[in-house]
Amino acid sequence: MFEQIAQSIPYQYISIDGINISIKRLDLVHPHISGNKFFKLKYNLLAARQQGYKKLLTFGGAYSNHIAATAYAAQLFGFESLGIIRGEELASKPLNTTLNTAQQFGMQLQFVTREAYRQKQSPTYLAQLQQDYPDYYMIPEGGTNPLAIQGCSEILSDTDRENYDLICCAVGTGGTIAGLIEASHSQQHLLGFSTLKGDFLSRELEQLTEKRNWQITDQYCCGGYAKTTPELLQFIRTFEQQYDFPLEQIYTGKMLLGLTDLIQQGTFPKDHRILVIHSGGLQARLATL
Ligand SMILES: *Cc1c(COP(=O)(O)O)cnc(C)c1O
């Protein structure tokens, strides 16, 4: 199923202030394993199956598209799944759409305190988990690991490599942009719009790739992960009406807010060939937008 879908990704063509932009609509790849998560999961699921695992374990926040996508993919591939979710207080509240979706798809949710969650990459914590859940294949937060990066390198086609000067994407953990960088031509530049505040992502990304034809900005993160501003929400409403495709407030809305601002500042030449990766995530789109 992975091969068939990757080949049929549609593009949409728009123009912002006279600059032509192609949007690669990964949001249309699959109704539930949407966008970049499809590519991040591909080789992980294949590896889990090949290694004989029957269960998957992963991590995420309450708004994690990765959690929702993994739950669905696990069910589709016949795995049981367990999601370790940040925020103990959530256990006693009604589930939001993302977590409810995950549960509907059979994921078992385990809520942990923010302190415990922060340990998720520490060797001691991981060793303990491995001991508690020996028969689970572990996928890190946001699904980012070398197999995910390999999967994301397949987002770019040969023509994408030839036809564009600039490739833009939204950044969370950096796995997607790392795959795009790996696949890119050395003459191409990648610009990542971070949804998180701070420049630690650039340092992390330097560890994930040796190439340097990229840049990450947090200038349009609107305060940080899952935070919004009235300006962002208004931008999304106007943009959706004008260009007739959906965005959401966590990733793709911030990316296009940023790209539009850079274009309006005259950052790029008029004949710059820009490719925007629409990474999906629409299951988390605010109903009130
Ligand atoms: C998860 C997600 C991202 C971030 O991907 P990373 O590989 O973690 O950087 C971007 N856009 C959407 C819609 C996502 O769901």
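Helices α2 and α3 are oblique to each other. Their axes come within 10 Å and cross at roughly 40°. Angles under 35 degrees count as roughly parallel, over 145 as roughly antiparallel, 65 to 115 as roughly perpendicular and the rest as oblique. The model is predicted; local features need pLDDT of at least 70, side-chain atom pairs count only at pLDDT 80 or more, and totals for chains, interfaces and linings use all residues. Residues are numbered from 1 along each chain as its sequence is written, and side-chain values use heavy atoms, without hydrogens or water.

Helix α2 spans residues 36–50 and helix α3 residues 65–77. Helices (H or I, at least four residues) and strands (E, at least two) are DSSP runs, numbered from the N terminus. Axes are lines fitted to C-alpha atoms, for helices over the stretch in contact, with angles from 0 to 180 degrees between N-to-C directions. The crossing of α2 and α3 is right-handed (the near helix is turned clockwise from the far one by less than a right angle). On the α2 side, Lys37, Leu41, Leu45 and Arg49 make the contact. Asn65, His66, Ala69, Thr70, Ala73 and Phe77 make it on the α3 side. Contact means heavy atoms within 4.5 Å. Five of these residues are nonpolar, three polar and two charged. Ala, Val, Leu, Ile, Met, Phe, Trp, Tyr, Cys and Pro count as nonpolar, Asp, Glu, Lys and Arg as charged, and the others, Gly among them, as polar.

Helix α3 also meets helix α4 (residues 97–104), with axes that come within 8 Å and cross at roughly 10°. The two helices are therefore roughly parallel. From α3, the contact involves Ile67, Ala68, Ala71 and Gln75. From α4, Thr98, Leu99, Ala102 and Gln104 take part. This contact holds five nonpolar residues, three polar and no charged.

Glutamate 80 lies in strand β4 (residues 80–86). Its relative accessibility is 48%, which counts as partly exposed. Buried means under 20% relative accessible area, exposed over 50%, and partly exposed in between (1.4 Å probe, protein chains only). Beyond its neighbours within four places in sequence, glutamate 80 contacts Lys54, Lys55 and Leu56. Lysine 54 is 26 residues away in sequence, yet 6.4 Å away in space, C-alpha to C-alpha.

The structure holds zero disulfides (pairs of cysteine sulfur atoms within 2.5 Å). For cysteine 169, the closest cysteine sulfur is in cysteine 168, at 7.9 Å, too far for a bond. Cysteine 169 is buried, at 2% relative accessible area. Cysteine 222 has its closest cysteine sulfur in cysteine 221, at 6.7 Å, again too far for a bond. Cysteine 222 is buried at 15%.
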